[in-house]
Amino acid sequence: MNFVNKKALLEKLKTHVSTWQQQQLLFSYDIKGEGRLSDATLRLHQRQTGFSLTVSMHFLEEALQVTNFTLQEDDRLEDQCQPLYDAALIELMIQSLMLLFFCAQSLHKNEMCFILSNEETFHFDLLKSLFSSVQPCLTRQGKCQILTLSLWPSEADQFCYSLEHIKIQLQHQLWRYQKSDSLVRRYLQSADRQAVDVFNTHGKNNPRETESSEKNVISFSSALKRRAAL
């Protein structure tokens, strides 16, 4: 893939992100990218929270290889509202995977392969079962894991279906929290959610207000939060 084609690919990915249906998402996104001779870097940015995921990719003959998956987030949101923080991280993760999947299919690759450090694969704990295989490996940089997804139709379709199902579960869970959490309620009921700054919502949450008899069925552990910003 030459530079001109890679530049066209990045523009295609930006256009793809702009077509994401906002009514089907909790947050809105934009993307930046740059390409070199044999690889490219993408940064998917979540507008309301400022969270982002930076991904480094190599273009192999048959596969899209991901060699870096770095999450950047803001501790303040976790302090303000744990449910909104969890939802933001999970949806960002899902949309990043969907974007990479779209990229691999656009390039007619047969598989998508992640070669990541143990710290980076910590992000995937909830999603490892969606991959065709997960194998440990040892590199010069230390212990890593290889997560491979076949892009043949049956496995690719199941991967997309599972991500969409998790996303729907996540949205339902957050809507349940709006009954007991004022920040979640103000965010979800905002007339223009894309213009919301979650760090400048009016009023403060009562710590007791977020207590619920329902346990969030999809959540990130505190250990993940501490290790996510690599």
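Colleague: How much space lies in the largest cavity?

Modeller: This is a predicted model, in which local features need pLDDT of at least 70 and side-chain atom pairs count only at pLDDT 80 or more, while totals for chains, interfaces and linings use all residues. Residues are numbered from 1 along each chain as its sequence is written, and side-chain values use heavy atoms, with hydrogens and water left out. On a 1 Å grid over the protein atoms alone, a cavity is a set of points where a 1.4 Å probe fits but cannot get out, and lining residues have an atom within 4 Å of a point. With volume taken as the space filled by probe spheres set on the points, joined across faces, edges and corners, the largest cavity holds about 50 Å³.

Colleague: Which elements each supply at least two residues of the lining of the largest cavity?

Modeller: The lining consists of Leu42, Arg43, Leu44, Leu53, Val55, Ser96, Leu99 and Leu100. Helices (H or I, at least four residues) and strands (E, at least two) are DSSP runs, numbered from the N terminus. On that basis, at least two lining residues each come from strand S2 (39-46), S3 and H3.

Colleague: Which residue of S3 stands opposite Leu44?

Modeller: Two strands pair if DSSP finds at least two bridges between them. S2 and S3 are antiparallel and share 7 bridges. In the hairpin of these strands, with 5 residues between them, Gly50 has a positive phi near 80°. The residue opposite Leu44 is Leu53.

Colleague: Why is S4 described as largely enclosed by the rest of the structure?

Modeller: Strand S4 covers residues 63-72, and a residue counts as buried under 20% relative accessible area (1.4 Å probe, protein chains only). S4 is largely enclosed because the number of its 10 residues that are buried is 7.

Colleague: What is the bridge partner of Val66 in S5?

Modeller: S4 is joined on one hand to strand S3 (residues 52-59) by 8 antiparallel bridges, in which Ser56 is partnered by Asn68. On the other hand, 4 bridges join S4 to strand S5 (residues 111-117) in the parallel sense. In S5, Val66 has as its bridge partner Phe114.

Colleague: Which elements do the buried residues of H5 pack against?

Modeller: Helix H5 (residues 153-177) has 25 residues and reaches 36 Å from its first C-alpha to its last, close to the expected 36 Å, where the expected span is 1.5 Å times one less than the number of residues. Its buried residues include Phe159, Leu163, Ile166, Leu170 and Leu174. The buried residues of H5 pack against helix H3 (82-106), strand S7 (142-150) and helix H6 (182-188).

Colleague: Which element gives the largest share of the lining of the largest pocket?

Modeller: A pocket is an open set of grid points with protein on both sides within 12 Å along at least five of seven lines. The largest one holds about 230 Å³ of space, and of its 13 lining residues the closest to its centre are His16, Trp20, Gln95, Met98 and Glu164. Two or more lining residues come from each of H3 and H5. The largest share, 5 residues, is given by H3.

Conventions. Buried < 20%, exposed > 50% of the residue type's maximum accessible area, 1.4 Å probe, protein only. Contact = heavy atoms within 4.5 Å.
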